[in-house]
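My notes follow in the order I looked things up.

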Amino acid sequence: MKDEMNTATHEEITNGTTRNLLSEGNSLKGVTMPPDVFEKLYLSPPPRAIKGVSRPKLGNPTPIPAYCFYGGVLMLVSSILEFILGNTFPAVVFASFSAFWLTFGGTLLPQFYAYASYAPVGAASPAEGLEVPSFSSGFGFFTLSIGMLCFVYLICSIRTNIVFVIIFLTLVLGFGFITGAYWALAADYTANAAFAGKLLTASGASFFVTTACGWWIFMASMLESVDFPFSLPVGDLSTRVPGSRVVADMEA
């Protein structure tokens with residue numbers, strides 16, 4: 001049987017009738033999988049599945065639901081639960097970042113007409129509004145306000161732990177870099193594109209540290225919730241920086 005298959009294969013090659021077995025979904029060794037089914041395994045759909053001229057300039061739209069649901073809805077629920085528990089600081093932090101992610105995700109959705117309203121009259125694509133200086137400068141003020149909010153959280157986190165301090169410090173730096181990138185594009189979109197790219201790279205590095213610290217404190221909280229035999233250190237600062245009541249009692 002094996003010799004017959006080899007002979008048949010040799011005859012196909014010599015006759016110039018070699019077939020692309022992958023393109024036809026055939027396989028001699030395993031389960032067949034047509035190319036269109038294989039493409040559906042990716043998180044990002046194929047280009048033909050997303051219509052519209054704005055996609056090439058907006059990038060991959062796959063993360064937008066994650067912005068709105070993981071970042072927006074989940075943090076809003078967390079804020080409500082923290083408020084019920086009486087934890088004011090984390091409740092305010094979760095609520096503000098929930099609003100940020102919902103705003104950021106909504107800005108990228110064409111249905112909200114956020115960037116399209118800045119597009120010049122007669123523009124070939126609504127995405128041209130992203131290159132208008134007024135859009136970049138306006139959105140830069142939005143990221144600046146979030147950075148200022150994170151600076152307030154940074155001051156407050158001095159009485160919590162070192163991990164929170166690093167998280168809010170890197171958030172302040174990251175949003176500062178993003179603000180600089182937007183304002184550089186607002187000044188001259190073409191000439192400052194390379195410089196803005198470097199600022200965005202710096203913001204990505206800052207947010208990477210933020211994410212790593214977030215996973216660290218998440219792991220520490222989960223281990224504590226199940227009374228694990230060991231715990232991860234977070235650098236408690238509550239005893240290092242005394243509260244106002246403690247200071248008042250000491251002065252009395």
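**Entry 1: S96.** I am working from a predicted model. I began with S96 and listed its contacts, leaving out residues up to four places away in sequence. S96 touches L149 and Y153. I then looked up where S96 sits, and the place is helix α5. Is S96 buried or exposed? S96 is buried, because its relative accessible area is 17% and the cut-off for buried is under 20%. I also checked S96 against L76. The two are 20 residues apart in sequence. Their C-alpha atoms are 8.6 Å apart in space.

**Entry 2: the whole chain.** I stepped back to the fold. How many helices and strands does the chain have? I found 9 helices and 0 strands. Read along the sequence, the pattern is therefore α-α-α-α-α-α-α-α-α. I noted burial next: of the 252 residues, 25% count as buried. The accessible surface comes to about 17000 Å². Carbon and sulfur atoms account for 69% of that surface. I also looked at contacts between residues at least 6 apart in sequence. Of these, 59% join residues at least 24 apart.

**Entry 3: the record.** I checked the UniProt entry, which is unreviewed. It annotates "transmembrane region" over residues 64–85, 92–115, 135–155, 162–183 and 195–218. I compared two of these spans with the model. Residues 135–155 are 100% helix and 0% strand, and their end C-alpha atoms lie 31 Å apart. Residues 92–115 are 71% helix and 0% strand. The end C-alpha atoms of that span are 29 Å apart.

**Entry 4: Y113.** I looked up Y113 for its backbone. Y113 has a positive phi of about 60°, although it is not a glycine. Where is Y113 found? It is in the loop between α5 and α6. Y113 counts as exposed because its relative accessibility is 53%, and the cut-off for exposed is over 50%.

**Entry 5: the largest nonpolar core.** I turned to the core next. It has 21 residues. Which of them touch the most other members? They are F97, F100, C150, F168, L171 and F175. The largest share, 6 residues, comes from α6. Why does the core lie between domain 1 and domain 2? Domain 1 (61–114) and domain 2 (135–232) both give residues to it, so it lies between them.

**Entry 6: F97.** Not counting residues up to four places away in sequence, F97 touches G71, M75, C150, Y153, L171 and F175.

**Entry 7: helix α8.** I looked at α8 end to end. It has 33 residues. From first C-alpha to last it reaches 47 Å, close to the 48 Å expected at 1.5 Å a residue. Its buried residues are A196, L199, S203, S206, T210, C213, I217, A220 and L223. I noted the helix geometry here: an α-helix has 3.6 residues a turn, so residues three or four places apart point the same way. What do the buried residues of α8 pack against? They pack against α7.

Entry 8: T210 is in helix α8. T210 is buried, with a relative accessible area of 11%. Leaving out residues up to four places away in sequence, T210 touches I167, T170 and L171. T179 is in helix α7. T179 is also buried, at a relative accessible area of 4%. Aside from neighbours within four places in sequence, T179 is in contact with G140, T143 and L144.

**Entry 9: D227.** I finished after α8, which is followed by D227. D227 has a positive phi of about 55°, although it is not a glycine. D227 sits in the loop between α8 and α9 (244–251). Is D227 buried or exposed? D227 is exposed, with a relative accessible area of 69%.

Technical notes: Residues are numbered from 1 along each chain as its sequence is written. This is a predicted model: local features need pLDDT of at least 70, side-chain atom pairs count only at pLDDT 80 or more; totals for chains, interfaces and linings use all residues. Side-chain values use heavy atoms; hydrogens and water are left out. A nonpolar core is a set of buried Ala, Val, Leu, Ile, Met, Phe, Trp, Tyr and Cys residues joined through side-chain atoms within 4.5 Å. Buried means under 20% relative accessible area, exposed over 50%, partly exposed in between (1.4 Å probe, protein chains only). Helices (H or I, at least four residues) and strands (E, at least two) are DSSP runs, numbered from the N terminus. Domain bounds come from an automatic or database domain assignment. Contact means heavy atoms within 4.5 Å. The expected span of a helix is 1.5 Å times one less than its number of residues. UniProt positions are given in the numbering used here, feature names are shortened, and annotations may be inferred rather than shown by experiment. Accessible areas come from the Shrake-Rupley method with a 1.4 Å probe; for residues, only the protein chains shown count as cover.
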